[in-house]
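Here is a short briefing on the structure shown below. Topics follow in groups, beginning with a single residue.

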Amino acid sequence: MSLLERLLEPRLYDAIMGDLLEDFYETLKDKGLRAAKRHFVWSALGIVRHYRLRKTRNRQRSNFNAMFKNYLKTSFRSFYRRKAYFLLNILGLSIGLASFIAIQKYVEFERSYDRFHEGAESIHRILKYDNGNQSYSVSNHPDIGLKLKTDVPGIEAVTRFYNRDNGILQYTKDGDMDLYKDFTLFYADKDFFSVFSFPFIKGSGINPLEKPNNIVLTESMASRIFGDEDPVGKTVQFKDPNFPLLPCVVVGVTKDVPKNSHFQFDALLSLNTPVRDGTSLEKMGWEAYNTYVKLNGALPEEQLERVAREHFVDNSNHMLRSQAITDIHLNSGALFGITENGDKRLTNYLALTALFILLMAYFNYINFSTAKSLERAKEVGVRKVMGSRKSDLTIQFLIETFIINFISLILAVILLIGLAPLIPITNVGFGVDTLFKFFGNERLYIVLGFLIGTVISGLYPAIILSSFKPSVVLRGKFSRSSSGKTIRGLLTSLQSTISVALVIITTVIYSQINFMIKQDKGVDITDVLVIETPDIRGENYRTQLGVYKNMLLSHPFVQSVSTSSTLPGNSLNYATPVRLPDQRIEEAIMLYTDGIDEDFIKHYDADLLAGRTFDRTFGNEFDKVLLNETSIRLLGINSPEEALQSNLLMEGDTFNVIGVIGDYNHYSLKQSVNPQIFRYYGSWVPQFSVKMTANSQASWTDQIALLENDFHEAFGDNLFNSRFLEQSFNAQYDEDRQFGNISGFFSAIAIIIAILGLLGFIAFTVSVKSKEIAIRKVLGASKGSIILNISRNALVLNLVSGLIAGGIAYYFLGDWLNQYAAQLNLSALHFLIPIIGLVTIVGLIITVQSLSLLSKNPVSAINTES
Amino acid sequence: MKGTNLGELEELVLLVVANLYTDAYGLAIRNEIIERCNRSVSLGTVHSTLHRLEDKGYVESKYDGSKANSRGGRPKLLFSVTSSGESALKLNREMRNQLWDTIPKLAFGQK
């Protein structure tokens with residue numbers, strides 16, 4: 001019945017249905033129910049067979065099909081007739097679309113951080129806030145997590161973990177021991193998997209971290225160690241640099257941590273594992289735990305405050321804050337983030353760039369198609385005479401735009417897949433599968449966006465084109481359309497504005513990065529080679545270290561050798577409260593501790609502002625410290641000299657300040673200098689830092705080989721690892737550089753599109769004026785004056801757009817530069833060069849195009865009737 | 001559409017509609033054809049033919065507004081022959097008669 005209702009002409013439905021039912025009841029009387037039913041169905045199907053009785057819509061569709069076919073045909077004919085124009089349009093649009101998709105993918109990835117956890121909105125990170133120096137820290141005392149769990153209603157689960165990325169895993173198989181390093185291990189408590197969602201592929205997911213000495217590996221870590229073996233149940237040894245060897249049983253294997261997680265781990269070790277003398281890490285009370293909670297509802301702020309007051313009894317400056325996990329990647333201000341965080345502003349900026357590039361491509365399409373309107377005018381005229389309505393023509397031109405857009409979209413996808421290696425976006429792939437996933441996820445938005453794009457690019461030209469009056473067009477009185485001239489000018493200027501703004505911003509980003517790299521850091525890290533100390537340490541390790549240091553120094557190409565617990569660019573991983581004897585305990589300042597040796601200052605060419613550095617001739621020096629300028633300022637000491645008279649209270653002992661080191665940038669120049677305190681360490685450090693002679697760079701490979709020989713002589717079979725410090729230090733700018741590259745790449749595309757647009761616009765302007773030029777020439781105007789005359793308007797227009805662009809760029813850049821501790825001074829040159837560049841390009845294009853016109857015989861231009 | 005010629009089935013249906021006069025609706029027409037001409041036609045065919053005839057302007061239709069229970073409360077669509085339908089029928093008949101009239105007597109006796 002419903003089938004009939006759907007298919008039948010509504011007017012006939014009642015009659016036929018009535019007939020069928022009457023027939024049905026009669027058959028029912030004669031032959032019984034089953035026969036009647038069968039009869040009914042057969043008759044009904046028999047009716048459906050007759051197309052004549054179906055809805056009239058069906059007959060209309062064939063009509064529409066014909067019309068649509070005609071539109072397709074004429075569209076393709078017009079493409080064919082003007083191939084160059086068609087190709088230009090397709091090329092511009094597909095580059096625009098490809099850029100848009102690429103950037104959108106990047107932006108989507110950046111915004112997708114940490115959303116893969118189940119109930120991600122209810123997961124929060126607990127931060128410690130210091131009201132004194134107004135800084136946040138993600139490192140908390142382990143008790144805070146415990147307190148939150150037991151004392152605060154509304155918190156469903158709490159997990160704490162401690163990050164260790166310089167441990168070593170040992171696995172012994174058939175008597176062979178293999179060492180694995182360069183991985184990140186978290187000491188995590190048993191609720192880790194109640195808060196986060198990392199699916200298991202092997203082993204149990206039910207509280208795998210509840211028992212001590214249990215270890216969970218990620219898929220790739222497991223295959224690195226075990227290959228094809230089943231790791232579950234196997235025992236590995238974990239070496240934390242601070243503790244003796246820990247035996248661990250593999251209880252499970254999880255999928256690899258997704259790239260869009262703000263923390264990355266390769267292994268998880270149960271937090272209650274006894275690390276030394278039966279004591280677990282948790283009991284050591286280090287303030288070093290990332291703490292995350294999963295909430296039932298809203299976060300009870302006042303409860304957080306209560307826990308803070310109970311915990312920080314002696315320091316009212318310390319508070320607890322929470323941050324949604326989904327905010328961490330793009331919205332983070334925490335001091336010790338686990339991995340480098342993204343930047344919301346930059347992400348938004350890129351999203352905006354993507355939109356602008358797409359719009360510019362659409363503008364070009366609009367400009368080209370309205371400028372070429374003359375060629376379509378006759379077609380429009382004839383169609384109108386044949387009875388086309390204006391709306392029909394509008395639809396026709398929209399369909400043409402749709403076809404062009406569609407071809408461009410396909411081409412854009414092909415371009416993306418083909419040119420993926422050229423795109424400087426590294427964290428998202430552009431393989432076929434990822435692209436289809438992209439199209440799969442938001443199919444609706446994409447279809448919608450595509451249609452909106454078609455309308456944006458097609459509506460205006462369609463209206464312009466379909467509004468020609470046939471009487472004017474067909475009488476041949478129609479000359480080049482000046483309709484839409486203002487719009488075209490406006491769109492072109494907008495393009496210029498956007499591209500100049502992008503150029504300015506990109507160059508400033510690059511200059512800022514270079515500025516930071518070249519800026520005086522306060523220490524000299526050029527030509528410094530870092531050699532890691534060995535992992536397997538025997539009984540005479542201490543002697544071996546001394547031997548090796550002497551071996552290093554014996555080479556003529558080695559200027560000096562220093563040992564320190566951390567290096568510029570590496571993390572300062574340990575901060576401790578320090579105060580002057582007359583200060584109360586809550587006035588203590590957190591200072592980053594760094595162990596150095598007596599050669600450190602000379603080696604890195606740091607400034608010694610007052611006092612002396614460590615010197616073994618004065619004794620063992622273990623109760624002496626050096627401070628940096630920032631530290632003495634925070635401690636309230638007025639001058640370096642005054643600092644020398646001070647004693648400091650730290651970790652229950654009193655220390656003498658023997659010297660003050662000038663501030664140097666331990667981290668990149670994005671950050672301001674951290675307060676540091678230096679203690680004397682022997683050689684018990686993770687690395688040697690070796691200053692090489694600068695003038696022998698060419699032979700460095702050979703020299704490093706020599707050092708490696710020595711290394712094996714001193715330490716036997718240990719792995720030799722070396723790197724240049726400057727490289728790893730500058731790697732801190734990688735993210736900025738990637739951003740610069742992305743921005744630069746797409747700015748270049750924007751410029752190409754803008755120049756295409758300019759070319760089209762100027763070609764049109766010049767050709768419209770061809771008669772005027774010819775007449776002027778005949779009347780004796782010089783070439784220069786003619787060119788000046790033609791270009792005056794365009795030049796002024798572009799100058800204005802350039803100035804507007806400068807304003808926009810200045811506004812954005814001021815905001816962006818503010819996040820850097822060491823800021824580049826914006827000079828007028830940053831703005832003037834791109835603007836002058838734009839005006840020069842415009843001038844050049846006009847000159848070239850009008851010169852070719854000027855070299856022709858003016859008579860032919862005047863003679864043409866167009 | 002083949003002009004305004006009446007097809008064989010169309011002529012039959014048209015004649016039946018005229019016969020039934022005030023009660024010419026789909027099912028009645030079909031039953032009449034089955035009974036009087038001893039020909040089995042389906043309801044769909046009848047409606048389809050009626051529709052075609054209406055397109056040609058030979059019949060017109062209107063709902064009678066009845067709500068008989070035997071029809072599931074649905075009205076009948078009653079058809080009546082228009083004057084052009086009538087003249088088409090007459091033309092057909094005349095043509096046929098003419099043809100009959102001019103058949104040579106011997107034509108059927110050949111066997």
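A:D114 counts as buried, because 20 C-beta neighbours lie inside 10 Å and the cut-off for buried is 20 or more. The model is predicted. Phi of A:D114 is near 65°, a positive value in a residue other than glycine.

**Two aspartates with positive phi**

- A:D114 sits in the loop between α5 (83-111) and β1 (123-130) of chain A.
- A:D527 also has a positive phi, about 60°, although it is not a glycine.
- The loop that holds A:D527 runs between α17 (485-518) and β16 (528-532) of chain A.
- A:D527 has 19 other C-beta atoms within 10 Å, so it is partly exposed.
- The class follows from the cut-offs: a residue is buried at 20 or more such atoms, exposed at 12 or fewer, and partly exposed in between.

**Chain A overall**

- Chain A has 28 helices and 26 strands.
- Of the 866 residues in chain A, 37% are buried.
- Among contacts in chain A with a separation of 6 or more, 81% join residues 24 or more positions apart.

**Helix packing in chain B**

- Two packed helices are described by the angle between their axes and the distance between the axes.
- In chain B, the axes of helix α1 (residues 8-20) and helix α2 (residues 26-37) come within 10 Å.
- These axes cross at roughly 105°.
- α1(B) and α2(B) are therefore roughly perpendicular to each other, since angles of 65 to 115 degrees count as such.
- From α1(B), the residues in this contact are B:L12, B:V13, B:V16, B:V17, B:N19 and B:L20.
- They meet B:A28, B:I29, B:E32, B:I33 and B:C37 in α2(B).
- By class, the contact of α1(B) with α2(B) has 9 nonpolar, 1 polar and 1 charged residues.

**Contact between chains A and B**

- Chain B puts 17 residues into the contact, and chain A puts in 19 residues.
- On the side of chain B that touches chain A, α2 and α3 (43-56) of chain B each supply at least two residues.
- α3(B) gives the most to that side, with 6 residues.
- The residues of the side of chain B that touches chain A divide into 5 nonpolar, 8 polar and 4 charged.

Technical notes
Residues numbered from 1 in each chain as written. Chains lettered and ligands numbered in written order. Predicted model: local features only at pLDDT ≥ 70, side-chain atom pairs only at ≥ 80, totals over all residues. Helix = DSSP H or I, 4+ residues; strand = E, 2+ residues; numbered from the N terminus. Contact = placed C-beta atoms within 7 Å. Axes fitted to C-alpha atoms, helices over the stretch in contact; angles between N-to-C directions. Parallel < 35°, antiparallel > 145°, perpendicular 65-115°, else oblique. Nonpolar A, V, L, I, M, F, W, Y, C, P; charged D, E, K, R; others polar.
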